[in-house]
Amino acid sequence: MTEPLLVDRTDAVVTLTLNRANAMNALDVALKEALRDALAELETDRSCRAVVLAGAGGSFSAGQDLREHVATLESSTSDPLGTVRAHYNPIAARLANLPKPVIAAVRGMAAGAGASLAFLADIRIGGPTTSFLMAFAKVGLAADTGASWTLPRLVGHAKAVELLMLAEPVRAEEACRIGLLNRLVDDDELVLPTAQELAARLAAGPTVAYGAIKRQLSIADAGTLADALAAEAQAQSICGATADHRAATLAFVGKQKPVFEGR
């Protein structure tokens with residue numbers, strides 16, 4: 001049986017590949033559970049210092065597996081969208097709060113919850129065929145998997161409303177222009193290696209500080225200046241006690257290149 005999620009480790013970088021290429025990596029229960037559980041393990045895995053999220057074949061992810069969802073709708077269940085609480089919400093929370101950098105290698109189509117997964121990454125890399133489609137309204141649904149939170153932060157409230165209500169595809173160059181992509185490479189074959197190269201660079205950096213930066217920005221996005229200042233004070237207290245901070249400060253003073261160990 002083919003594994004729905006491939007987990008590859010190269011030094012301190014873990015690549016998670018959605019592995020349902022024949023279904024455009026649509027998210028069925030097996031894949032959602034595998035991704036949810038893998039992210040839970042990586043939260044406390046100190047040997048992992050950066051994560052790459054990718055899709056097998058020519059697509060990132062088409063989102064919810066609608067064939068499976070039709071079967072759910074036709075069943076006797078009283079909560080046909082229970083997968084949101086059981087799967088999508090935990091996945092979104094773990095991706096957003098993972099205390100290490102997450103890079104999405106978005107090759108081809110990212111639609112619905114598949115696009116939402118990419119938006120939860122810290123950095124998104126795309127290629128010529130990359131496109132995003134907030135397809136929820138096309139099937140009579142609102143946003144999920146964190147898109148109502150991530151989209152306004154990436155593109156602004158007005159553009160988020162447009163993308164979610166009109167449900168029109170956003171091609172690679174436009175996606176890069178409005179902030180859905182951070183970087184656009186000129187060859188689809190370069191999307192994954194570029195993401196992994198960037199992840200390796202980040203994996204060699206101050207992991208604790210990266211996690212603190214993610215928490216700071218999350219608090220500042222929704223809070224007041226006082227909230228942000230309190231978060232900064234807490235983050236600096238944590239980072240200031242790390243071996244990485246001490247070693248890097250001494251290296252800087254000694255005009256040497258710092259070596260970060262992620263602790």
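The lining of the second largest pocket in this predicted model is made up, by class, of 11 nonpolar, 5 polar and 2 charged residues. The volume of this second largest pocket is about 280 Å³. It is lined by 18 residues, and those closest to its centre are Gln64, Leu66, Gly112, Ala135 and Val139.

Of the contributions to the largest pocket, that of H9 is the greatest, with 6 residues.

The space in the largest pocket comes to about 520 Å³. Its lining holds 22 residues, of which Leu120, Ala121, Asp122, Lys214 and Leu217 are the closest to the centre. Sorted by class, the residues lining the largest pocket are 13 nonpolar, 4 polar and 5 charged.

The last stop is a single side chain in another helix. Arg36 is part of helix H1, which covers residues 29-43. Is Arg36 buried or exposed? Arg36 counts as buried because its relative accessibility is 18%, and the cut-off for buried is under 20%. Leaving aside residues up to four places away in sequence, Arg36 is in contact with Ala86, His87, Pro90, Ile91 and Arg94.

Key: Residues are numbered from 1 along each chain as its sequence is written. This is a predicted model: local features need pLDDT of at least 70, side-chain atom pairs count only at pLDDT 80 or more; totals for chains, interfaces and linings use all residues. Side-chain values use heavy atoms; hydrogens and water are left out. On a 1 Å grid over the protein atoms alone, a cavity is a set of points where a 1.4 Å probe fits but cannot get out, and a pocket is an open set with protein on both sides within 12 Å along at least five of seven lines; lining residues have an atom within 4 Å of a point. Grid points are joined across faces, edges and corners, and a volume is the space filled by probe spheres set on the points. Helices (H or I, at least four residues) and strands (E, at least two) are DSSP runs, numbered from the N terminus. Ala, Val, Leu, Ile, Met, Phe, Trp, Tyr, Cys and Pro count as nonpolar, Asp, Glu, Lys and Arg as charged, and the others, Gly among them, as polar. Buried means under 20% relative accessible area, exposed over 50%, partly exposed in between (1.4 Å probe, protein chains only). Contact means heavy atoms within 4.5 Å.
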